[in-house]
Amino acid sequence: MINFTVGPVQSNEDVLKIGAQQVPYFRTAEFSAIMLENEKLVKKFAKAKDDARVVFITGSGTASMEAAIMNLFNQQTDKLLVINGGSFGQRFVDICKIHELNYTEIALNLGENITPEILAQYDGQGYTGLLVNIHETSTGVRYNLDAISAFCQKNHIFLLVDAISSFLADEIDMANSQIGALITGSQKALACPPGISLIVLAKEGLDRINCNKIKSLYFDLKPALKDGERGQTPFTPAVSILLQINARLKQIKHDGGIEKEIARVARLANYFREKVKALPFELITNSMSNAVTTLSPKNCSAYDIFLTLKNEYNIWVCPNGGKLKDQLFRVGHIGNLTEADYDKLIDAMNDMDKRGLL
Ligand SMILES: *Cc1c(COP(=O)(O)O)cnc(C)c1O
């Protein structure tokens, strides 16, 4: 099976080997050192300032989305903007609703990017926070971070970025874009098993957390930040995944750092995008993340393509759900993949085309 989904994705041999070991006890100086190294490397790759911190949550990406919202914002003083162009934007909306926060949704059409003009409608209206999934993985649209960042700086708005599928695949500079908090997860470009998500917090985010009282034991980030100072977590973390993340981060550093890693993902994305042009698919956006190519078949159901590739060619692409099930499918470029893997995918698609299945 070759896995071109957007997560969980294929891990490399070193990461797989760690997963096959016994889980070590973690209240040790050795594990603390690994956690502190994880924090240091994540900050470096996110281009966060020295005074930023990272919390590691045992829970999938959504756990960190909810924890971030609960800890950073409150019902009394915050007025939020949520960019919603797909199912992950909708998830932010749902979390704000459940926690009874004061929010306004900026609903975008399928494939639409955010623009300075759209944002300008919300200038000077007292908004205090903006929530965005910088790559809306469900549709493959990568939003205009420069426009969002400029709008937030102009209006003194705290910027929370879900970069779960974008971190390590697209350029991101927390300090330069003045991102207050950035979320990512273990099973996307980090290419580890699912189970850990992390929140990188700039000083502004740390200040918000320290002033906020929240009603949750597990998701209260204050004890997590305190214990994190010595490389520990309040509760038992997914120890093995944290060791796998450590191996992966160190490998990226060893192989030339974040720029090299992003370039590697971009090269695979471009390789595939060039070859797939000859097939009867349409793109739904011209603003794509390096992480994913979203394709819309001209003549058949997208879901049938997913099923045929899985059942007859041993290839997983990523299907869409809900309303978009028959309209879109996605091909990921994150994880341990090579050009040769894309050759196999293109061969399979060409074969389907010959069989009249596209
Ligand atoms: C994968 C993903 C998530 C998190 O999903 P989980 O299933 O909770 O890990 C959130 N936002 C985006 C943009 C994602 O791609």
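Helix α10 (residues 258–276) and helix α12 (residues 339–354) have axes that come within 10 Å and cross at roughly 20°. This is a predicted model: local features need pLDDT of at least 70, side-chain atom pairs count only at pLDDT 80 or more, and totals for chains, interfaces and linings use all residues. Residues are numbered from 1 along each chain as its sequence is written, and side-chain values use heavy atoms, with hydrogens and water left out.

**Helix pair**

Helices (H or I, at least four residues) and strands (E, at least two) are DSSP runs, numbered from the N terminus. Axes are lines fitted to C-alpha atoms, for helices over the stretch in contact, with angles from 0 to 180 degrees between N-to-C directions. α10 and α12 are therefore roughly parallel to each other (angles under 35 degrees). The contact (heavy atoms within 4.5 Å) is made by R267, L268, Y271, F272, K275 and V276 of α10. From α12 come E339, Y342, D343, L345, I346 and M349. By class, this contact of α10 with α12 has eight nonpolar, no polar and four charged residues. Asp, Glu, Lys and Arg count as charged; Ala, Val, Leu, Ile, Met, Phe, Trp, Tyr, Cys and Pro as nonpolar; the others, Gly among them, as polar.

On a 1 Å grid over the protein atoms alone, a cavity is a set of points where a 1.4 Å probe fits but cannot get out. A pocket is an open set with protein on both sides within 12 Å along at least five of seven lines. Lining residues have an atom within 4 Å of a point. Grid points are joined across faces, edges and corners, and a volume is the space filled by probe spheres set on the points.

There are two cavities of 30 Å³ or more.

| Space | Volume | Lining classes |
|---|---|---|
| Largest cavity | about 260 Å³ | 14 nonpolar, six polar, two charged |
| Second largest cavity | about 50 Å³ | six nonpolar, no polar, four charged |
| Largest pocket | about 480 Å³ | eight nonpolar, twelve polar, four charged |

The largest cavity is lined by 22 residues; F56, I57, A224, T233 and P234 lie nearest its centre. β2 gives the largest share of that lining, five residues.

α10 returns at the second largest cavity. It gives the most to that lining, with three residues. The lining residues include F45, K47, F167, I258, E259 and I262.

The largest pocket is lined by 24 residues, with G86, S87, S138, T139 and L324 nearest its centre. Elements giving two or more residues to the pocket lining are α4 (87–98), β4 (103–107) and β14 (318–319). α4 gives the most, with three residues.

Methods. Parallel < 35°, antiparallel > 145°, perpendicular 65-115°, else oblique.
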